[in-house]
Amino acid sequence: MKTDFKKSSALRKNTKAIHAGSVEHSIYGEISVPIFQSSTFVFPSAADGAARFSGEQSGYIYTRLGNPTVNALEESIAALEGGFAGIATSTGMAAVGIVFLALLNQGDHIVATNCIYGASRVMLEKELTRFGVRSSFVDTSDFSGIERALLPETRMIFVESPMNPSMKITDLRAVGRIAAKHKILYTVDNTFAGPYLQRPIEMGADIVINSLTKFLNGHSDVIGGMIVTAGEELYKKIRRVSQVFGTTMDPHQAWLILRGVRTMPLRVERAQENAMKLARFLESHPKVSWVSYPGLAGHPQHRIAKKQMDGFGSMISFGVAGGIESGITVMNNVRLIKLAVSLGGVESLIEHPASMTHASIPRQQREEAGILDELVRLSVGCEDYEDIRDDLNQALNEIREPKALKPKPADGRQNRRPTRR
Ligand code: LCS
């Protein structure tokens, strides 16, 4: 018998990560969900085939429309997010795109966080505008800006929190109240936290997106995305569009990600423990000019993060004395930490958003969003803390003569403490 995780909300998140998302096991009693590597499924009769197409009968038809292995992953993430159901997609960007394609029409308007993943911003600004959908970008860490940006045509609020890469936090409950008051759809990209640390549906979101490429898979070896809706109506609408546009996930991809989800809580706990220590280490390092990590008491939205997250995660942004020249020195001198984009894997990664993940956003808009040239982003992994710290320390010490610190750090970042190491 499968456990119904919608009804068994009493089960806790570690248990859900391990058990949610299964199939009725075969005569062999396999413990792992099998990989149903089949593009199509045999109908018992022509009448059954017709009944499945009409929706009168449940059962699989064709893998673009649904597959048992992919469905197990959809059940797993939907249970973790506390939503109605999930729609797996080939990539995280496919999840972002399908939500927009399914729910927005020509003439509609979106209010979005100004500091979001570069490709999401490009999608809104360069691609959706071709279909007559306009966007306004605001710093949603000050939620009053959202109401000011609303137009009669506004159909969706799209928020990323923590923001990639500034690590600012948006008060998700407050935005939920604004969306409800104005009867606007509310979508949260939860990639930077993931459902183990933050569940936006509990705070009023209608739709949650995760790039499964990150914490949920966690091994930097698979790409994937997931949309979870709070209710059935939105689920049906988005699922239909995903099937028609063919953004479906492959069963082997789903199996690998489900394998990652089973150990996700352990990895997330370990990485965020490392991140808290590293944030404090960086804060007190003489060559670091500012650190943005929601777990630090001086982070401008630390209290909101504490209220709405079960932990502060493992992403850190920081600036180095001497600006980007010094940042480049750090990135070129790390040995254990790898110079690569992406995040949420067991290994620590470092990158430079202004020239890499967010390079496609024009400079002025980047700077308005707090994505300054000097910002270096660190995805903290599960290695021994001391090894990550020593590697960062030796790379920071390659900076020979730091220039004077910038006098005024942008909003969302903290000055380093005066302590000397
Ligand atoms: N949403 C967020 C917040 C992301 O950070 C990313 C990818 C995506 C969506 C898209 O997911 P994907 O299609 O890659 O699975 N973020 C990346 C980053 O910051 N570095 O490399 C990829």
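**Exercises on surface patches and aromatic pairs**

Leu101 has its place in helix α4, residues 92-103, where helices (H or I, at least four residues) and strands (E, at least two) are DSSP runs numbered from the N terminus. The model is predicted, so that local features need pLDDT of at least 70 and side-chain atom pairs count only at pLDDT 80 or more, while totals for chains, interfaces and linings use all residues. Residues are numbered from 1 along each chain as its sequence is written, and side-chain values use heavy atoms, with hydrogens and water left out.

**Exercise 1.** Determine which residues form a nonpolar patch on the surface together with Leu101.

*Solution.* Begin with the rule: patches are made of residues with over 30% relative accessible area and no salt bridge, with like charges joined within 9 Å and nonpolar side chains (Val, Leu, Ile, Met, Phe, Trp, Tyr) within 5 Å. A salt bridge here is a side-chain nitrogen of Lys or Arg within 4 Å of a carboxyl oxygen of Asp or Glu. Next, take Leu101, which is partly exposed with a relative accessible area of 38%; buried means under 20%, exposed over 50%, and partly exposed in between (1.4 Å probe, protein chains only).

**Exercise 2.** Classify the aromatic pair of Phe41 and Tyr60 and then that of Phe100 and Phe158.

*Solution.* Rings of Phe, Tyr and Trp (its six-membered ring) pair if their centres lie within 6.5 Å; planes under 30 degrees apart count as stacked, over 60 as edge-to-face and the rest as tilted. This rule gives four aromatic pairs. Among them, Phe41 and Tyr60 are tilted, at 5.5 Å centre to centre and 40° between the planes. Phe41 is in the loop between α1 (13-19) and α2 (46-54), and Tyr60 is in the loop between α2 and α3 (68-81), 19 residues apart. Phe41 is buried at 17% relative accessible area, whereas Tyr60 is partly exposed at 28%. For Phe100 and Phe158, the centres are 5.3 Å apart and the planes at 70°, so this pair is edge-to-face. Because Phe100 lies in helix α4 and Phe158 in strand β4 (residues 154-160), the pair ties together parts that are 58 residues apart in sequence.

Terms used: Areas by Shrake-Rupley, 256 points an atom, 1.4 Å probe, with all protein chains shown as cover.
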